[in-house]
Amino acid sequence: MKVEANTKTSKAKVAADETRGFDMPLFTVPENFREIAEQGVVRARDNCEKMKTASEEIVGILRESCSTNARGVADYSTKVVEILGVNTNAAIDFLTDLMATKSLSDIMQLSATQGRKNFEAASAQNRELWELAQKVATATAEPIKQSFTRVLQKAP
């Protein structure tokens, strides 16, 4: 008979649950906790949106920076090719002058003069390349620095 009593009680509970449906929570949450949780969710969504916007801006900044860097590398490469042409012409001129010499003293004097010219040219060319490399580095890094600072100040 005890089994029947338990079965009747169980059936009564199931029947009560069926009439109640899914609207009744298993436990109740105080209203102020619910408001705090909802505010947290809203803040989290806002922060996620801000982070998404910031990351999109950063991607744009990096894309622009890479383009600037690519243009700078192209300029640097063009300068290297230009220097190569100048140095090749100087070497050909030196060989032409060397073939026209008639004495050992003329060869020594021509070699000394050419060595001095080469040293001066190499110094000037290195200075040009260094200045161009600095310009490229600055042009690439400065927008990143300014933009990252601005983007990160906006971020939460």
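This is a predicted model: local features need pLDDT of at least 70, side-chain atom pairs count only at pLDDT 80 or more; totals for chains, interfaces and linings use all residues.
Side chains of opposite charge can pair when their charged atoms come close. In one of them, Lys79 is paired with Glu82, with a nitrogen-to-oxygen distance of 3.2 Å between the two side chains. Both residues belong to helix α2, which comprises residues 31-99, and because they stand 3 residues apart in that helix, about one helical turn separates Lys79 from Glu82. The two partners can also be described by their accessibility: Lys79 has a relative accessibility of 18% and therefore counts as buried, the cut-off being under 20%, whereas Glu82, with a relative accessible area of 44%, is partly exposed.

Lys79 also takes part in a salt bridge with Glu128, in which the closest N and O atoms are 2.7 Å apart. Glu128 is partly exposed, its relative accessible area being 34%.

A further salt bridge is formed between Arg116 and Glu120, for which the closest N and O atoms are 4.0 Å apart. Here the two partners are both in helix α3, and because they are 4 residues apart, the separation between Glu120 and Arg116 amounts to about one helical turn. Glu120 is partly exposed, with a relative accessible area of 46%, and Arg116 is likewise partly exposed, with a relative accessible area of 45%. As for the way in which salt bridges are connected through shared partners, Lys79, Glu82 and Glu128 are joined into one network.

With regard to cysteines, the count of disulfides comes to 0, a disulfide being taken as a pair of cysteine sulfur atoms within 2.5 Å. Cys48 has a relative accessibility of 53% and therefore counts as exposed, the cut-off being over 50%. Cys66, at 54% relative accessibility, counts as exposed too.

Gln125 is found in helix α3 and is buried, with a relative accessible area of 11%. When residues up to four places away in sequence are not counted, Gln125 touches Ile83, Val86 and Asn87.

Thr140 also lies in helix α3, and at a relative accessibility of 14% this residue counts as buried. A polar atom of the Thr140 side chain lies 2.8 Å from the backbone oxygen of Val136. With residues up to four places away in sequence again left out of the count, the residues that Thr140 touches are Ser65, Thr68 and Asn69.

How values were computed. Residues are numbered from 1 along each chain as its sequence is written. Side-chain values use heavy atoms; hydrogens and water are left out. Helices (H or I, at least four residues) and strands (E, at least two) are DSSP runs, numbered from the N terminus. Buried means under 20% relative accessible area, exposed over 50%, partly exposed in between (1.4 Å probe, protein chains only). Contact means heavy atoms within 4.5 Å. A polar contact is a pair of N or O atoms within 3.5 Å; within protein, one must be able to donate a hydrogen and the other to accept it, and residues adjacent in sequence count only if both atoms are side-chain atoms.
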